[in-house]
Amino acid sequence: MSTEIFNAIAARYDVTNYALSFGMDIGWRRRIIDHLPGGNELAALDLATGTADVAIVLARDPRVRRVVGIDMSEGMLNFARAKVLKAGLGSKIELMTADALALAFPDESFDVLTVAFGIRNFSDLMKGLAEAYRVLKPGGRFIILEFSTPPGIIQKFVHGFYLKNMVPFIGMTLTGKKEAYAYLSRTVRAFPFGDRFARIIRQAGFNRVERCELAMGTATIYAAIK
Ligand SMILES: C[S@@+](CC[C@H](N)C(=O)[O-])C[C@H]1O[C@@H](n2cnc3c(N)ncnc32)[C@H](O)[C@@H]1O
């Protein structure tokens, strides 16, 4: 389901994100860097890399030696490849078609794993977390950026209204694919966030989860340590 949706919207994905988040999505992805583990020569894996924005942010950081970006959608990866070449990062970023729920990498291969707005789309969340845990080195970080619901009754109401009504409308206007953005809206409203999601991450074996709320709680970075 989600692969077809992402293939269909790939060409307009970046511009629609920008419009829907009022341009904030770019800064949110950059904040991932604040949670990198210590050390240099880091090997990073960006799960559900999409059009490679996070892979590019990681590769531009001098502490990161190499980045692998994986995604199931060839349509998204085609745009990712063009962006990586344009950014002059072809020698530092490797992009692969792969399923985050069944990674082909050996245990303890990476110092840092990232996933931005992708974990919500995994068909089996616990399997995705278990795979992330397996390929991460001990002491490594799993950094998750995902939508969340802001606290406060009024903020919740405005946020819910925006998700239910505006997101499918704006998405339809910019991409012609209403169902894709209705899907986005549904998955954001259904996905766990805050304490509940931090608990789920810990259930997968991670022993500390730091949380950083962005834009009044409409997005959250979870940085978990193995
Ligand atoms: C909303 S996009 C996020 C893309 C990018 N990380 C970003 O920051 O914009 C979600 C991505 O997750 C990918 N995806 C969903 N399930 C996946 C899985 N099991 N393995 C790999 N990629 C997956 C989709 O193909 C899509 O490109």
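Reader: Start with arginine 31. Is arginine 31 buried, exposed or partly exposed?

Author: Arginine 31 is partly exposed, at 35% relative accessibility. Buried means under 20% relative accessible area, exposed means over 50%, and partly exposed is in between (1.4 Å probe, protein chains only). One caution: this is a predicted model, where local features need pLDDT of at least 70 and side-chain atom pairs need 80 or more, while totals for chains, interfaces and linings use all residues. Residues are numbered from 1 along each chain as its sequence is written, and side-chain values use heavy atoms, with hydrogens and water left out.

Reader: Fine. What does the side chain of arginine 31 meet in a salt bridge?

Author: Aspartate 34, at 3.2 Å from N to O. A salt bridge here is a side-chain nitrogen of Lys or Arg within 4 Å of a carboxyl oxygen of Asp or Glu. Aspartate 34 is exposed, with a relative accessible area of 53%.

Reader: How many salt bridges in the whole structure?

Author: The search finds 16. Arginine 186 and glutamate 179 make one of them, with their closest N and O atoms 3.0 Å apart. Arginine 186 is partly exposed at 41%, and glutamate 179 is partly exposed at 43%. Elsewhere, shared partners link Asp14, Asp25, Arg29, Asp53 and Lys83 into one salt-bridge network.

Reader: Arginine 29, then. How far apart are the closest N and O atoms of arginine 29 and aspartate 25?

Author: They are 2.9 Å apart, in a salt bridge. The two residues sit four apart in helix α3 (residues 24-30), so about one helical turn separates them. Helices (H or I, at least four residues) and strands (E, at least two) are DSSP runs, numbered from the N terminus.

Reader: Are arginine 29 and aspartate 25 buried or exposed?

Author: Both arginine 29 and aspartate 25 are buried.

Reader: Switch to the ligand. How many residues surround the ligand?

Author: 20 residues surround the ligand, and the closest are Tyr13, Arg29, Ala48, Asp71 and Ala116. A residue counts as near if one of its heavy atoms lies within 4 Å.

Reader: What do those N and O atoms do? Give me distances to the ligand for tyrosine 13, arginine 29 and alanine 116.

Author: A polar side-chain atom of tyrosine 13 is 2.6 Å from a ligand oxygen. An N or O atom in the side chain of arginine 29 is 2.8 Å from an oxygen of the ligand. Alanine 116 uses a backbone N or O atom, 2.8 Å from a ligand nitrogen. The protein covers 98% of the 600 Å² of accessible area that the ligand has on its own (Shrake-Rupley method, 1.4 Å probe).

Reader: Which helices each supply at least two residues of the shell?

Author: α1 (2-9) and α2 (13-20) do. The shell divides into eleven nonpolar, six polar and three charged residues. Ala, Val, Leu, Ile, Met, Phe, Trp, Tyr, Cys and Pro count as nonpolar, Asp, Glu, Lys and Arg as charged, and the others, Gly among them, as polar.

Reader: And alanine 48, where does that lie?

Author: Alanine 48 is in the loop between β1 and α4. Its phi is near 50°, positive in a residue other than glycine.

Reader: Now serine 73. Which side chain joins serine 73 in a polar contact?

Author: Asparagine 7, at 2.7 Å. A polar contact is a pair of N or O atoms within 3.5 Å; within protein, one must be able to donate a hydrogen and the other to accept it, and residues adjacent in sequence count only if both atoms are side-chain atoms. The serine 73 side chain also reaches the backbone nitrogen of methionine 76 at 3.0 Å. Serine 73 lies in the loop between β2 (64-71) and α5 (74-86), and counts as buried at 1%.

Reader: Last one, arginine 120. Which loop?

Author: The one between β4 (110-116) and α6 (125-135). Arginine 120 is buried at 9%, and its side chain makes a 2.6 Å polar contact with that of glutamate 146. Beyond four places in sequence, arginine 120 is in contact (heavy atoms within 4.5 Å) with Glu146, Phe147, Leu184, Thr187, Val188 and Phe191.
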